[in-house]
Amino acid sequence: MNAPLTFDMVRSPSETPAHAEQAVDTFLSHGTRSPKEYGGTVNPPVCRASTIVFDNMQDMDERQRALDRDEAGVMWYGRKGTPTTFALQESIARLEGGYRTLLASSGLAACTAALSAFVRAGDHILMSDSVYGPTRHYATTILARYGIATTFYDPAIGAGIESLIRPETRVVYVESPGSQTFEVQDIPAIAECAHRHGARVVMDNTWASPLYFKPFEHGVDVSVQACTKYITGHSDALLGSITTTQETWQEVSSHVYAHGLNAGPDDVYLAQRGLRTLSVRLERHQRNALEVAQWLAAQAAVEQVLYPALPGAPGHEIWRRDFTGASGLMGLALKPCAARHLRNFVDSLELFHLGFSWGGFESMIMPQESMPLREASRWPYAGPLVRLHIGLESPDDLIADLKAGFTRL
């Protein structure tokens, strides 16, 4: 379906030349691992630390100067990172093709920190109408409280976003595909307009992960991810990442450090472990999801399958142009039905579990009985919307489960 993945990164200060030509699969297995430094252990161990002690005043002064020079991997205080933290940060930065990465305690913390790093009272943000709900809430409540205005735009606007940019617009926030409604945005066109007017482009890249979309090759300035999802991959840790260009690093890092954002070492370790199998898991998620999506598209109760990798689905052409693969998350616009019938459908499923998260090995379902919240664009479907995450189970079993559920719908 797509060309094989290759590993093309922006050089980071700690990069060794040996990594530059590695394929992604090789890097996931071998990158940022130094067994000799940890007694031969395969993975960097969990390093739990708050206080860091120095050999003497000179040692403390040298490390402070290294921090002032913005050198990577300097041990100073636990909140600013440990070897466990540094290893994962370096891995994600290389995979996304960015300069450096910072970790936060959740995906939402990463989203909000990246947004607020660039704005002050009187500034303006443009945000996709399909954005993740809690990010939308942060903009309309917390940022609004501090005098920062947000305008929501049609995710299909493309270069037309130029008409919405104001002199005080500082950030254009994109999420492609939308996390619940799956509109695919024309990121290069939006980024070109934003940069021409001096605005930063912040992107939520959770759906595709660093393997299937390279944000910095398409004009993004800061990429955020809920590492809770595919990077961790096992539904047992909360984590977010913020990856920047070299030009935006100082603004973002100083903001993150000033707000005391960090991530716990055990969650970081779980994400580092999950990262090793990201490629093989995503391949299976994609294969299963495409098979299920094709089956769903033929069902009488289905109005539209919202899965960009499915030929004919909304956004497929842009997805094919800009992405190298697809994950297991999709939407299902059903034909109009009574709320009780939708509940019967959801409750009858055995392999699809009801829950708010996704990105793990298991299949999930989350219905939305009312129409998605929209300010700048019209939601075109009259029936209920259901979000499905297609896990690593047998697609035949998943289809059989859905087929049985449709008899209740």
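Helices and strands here are DSSP runs, numbered from the N terminus. With that in hand, the loop between β4 (169-175) and α6 (187-196) is where Pro-177 is found. The model is a predicted one, and in it a cis peptide bond joins Ser-176 and Pro-177, with omega at about -10 degrees.

On confidence, the chain averages a pLDDT of 91, and 94% of the residues score at least 70. Residues 1-19 are another matter: the pLDDT there is below 50, although the stretch has 46 contacts in the model beyond near neighbours in sequence.

Asp-70, in the loop between α2 and α3, has a positive phi of about 65 degrees although it is not a glycine. Its relative accessibility is 18%, so Asp-70 counts as buried. Ser-235 also has a positive phi without being a glycine, in this case near 55 degrees. Ser-235 sits in the loop between β6 (222-226) and β7, and because its relative accessibility is 45%, Ser-235 counts as partly exposed.

Ser-235 turns up again in the surroundings of Glu-362. This glutamate lies in the loop between β10 (353-354) and β11 (364-368). Glu-362 has a relative accessibility of 16% and therefore counts as buried. Leaving aside neighbours within four places in sequence, Glu-362 is in contact with Ser-235, His-389, Gly-391 and Glu-393. That list includes another glutamate: Glu-393 is 31 residues away from Glu-362 in sequence, yet the two C-alpha atoms are 7.2 Å apart in space.

Now for the rings. Aromatic pairs come to seven in the model. One of them is Phe-345 with Phe-406, a stacked pair at 5.1 Å centre to centre and 15 degrees between the planes. Phe-345 belongs to helix α12 (residues 339-348) and Phe-406 to helix α13 (residues 395-408), so to speak a bridge between distant parts of the chain, 61 residues apart. Both phenylalanines, Phe-345 and Phe-406, are buried. Trp-379 and Tyr-381 pair up edge-to-face, with 5.2 Å from centre to centre and 75 degrees between the planes. Trp-379 and Tyr-381 are buried too. Elsewhere, ring pairs tie Trp-207, Phe-213 and Phe-323 into a cluster.

Charged side chains also meet rings. Arg-136 lies over the face of Phe-152, at 4.0 Å from the ring centre. The ring of Trp-358 has the charged end of Lys-229 sitting over it, 5.5 Å from its centre.

Next, the pockets. The largest pocket holds about 960 Å³ of space and is lined by 50 residues. Nearest its centre lie Ala-72, Gly-73, Val-74, Phe-86 and Gln-89. Two or more lining residues come from each of α2 (57-68), α3 (83-96), β1 (100-104) and α8 (246-258). Of these, α3 gives the most to the lining, with eight residues.

Helix α3 and strand β1 also figure in the packing of helix α9 (residues 265-275). In α9, the buried residues are Val-268, Leu-270, Ala-271, Gln-272, Gly-274 and Leu-275. They pack against α1 (24-30), α3, β1 and α10 (278-297). As a general point, an α-helix has 3.6 residues a turn, so residues three or four places apart point the same way.

With a relative accessible area of 0%, against a cut-off of under 20%, Ser-241 is buried. Not counting residues up to four places away in sequence, Ser-241 touches Ile-92, Thr-101, Leu-102, Leu-103, Ala-110, Ser-223, Val-224, Gln-225 and Cys-227. Ile-92 falls within α3 (83-96), while Thr-101, Leu-102 and Leu-103 fall within β1 (100-104). Ser-223, Val-224 and Gln-225 belong to β6 (222-226).

Terms used:
Residues are numbered from 1 along each chain as its sequence is written. This is a predicted model: local features need pLDDT of at least 70, side-chain atom pairs count only at pLDDT 80 or more; totals for chains, interfaces and linings use all residues. Side-chain values use heavy atoms; hydrogens and water are left out. pLDDT is the predictor's confidence in each residue, from 0 to 100. Contact means heavy atoms within 4.5 Å. Rings of Phe, Tyr and Trp (its six-membered ring) pair if their centres lie within 6.5 Å; planes under 30 degrees apart count as stacked, over 60 as edge-to-face and the rest as tilted. Helices (H or I, at least four residues) and strands (E, at least two) are DSSP runs, numbered from the N terminus. Buried means under 20% relative accessible area, exposed over 50%, partly exposed in between (1.4 Å probe, protein chains only). A charge sits over a ring if NZ of Lys or CZ of Arg is within 6 Å of the ring centre and within 35 degrees of the ring normal. On a 1 Å grid over the protein atoms alone, a cavity is a set of points where a 1.4 Å probe fits but cannot get out, and a pocket is an open set with protein on both sides within 12 Å along at least five of seven lines; lining residues have an atom within 4 Å of a point. Grid points are joined across faces, edges and corners, and a volume is the space filled by probe spheres set on the points.
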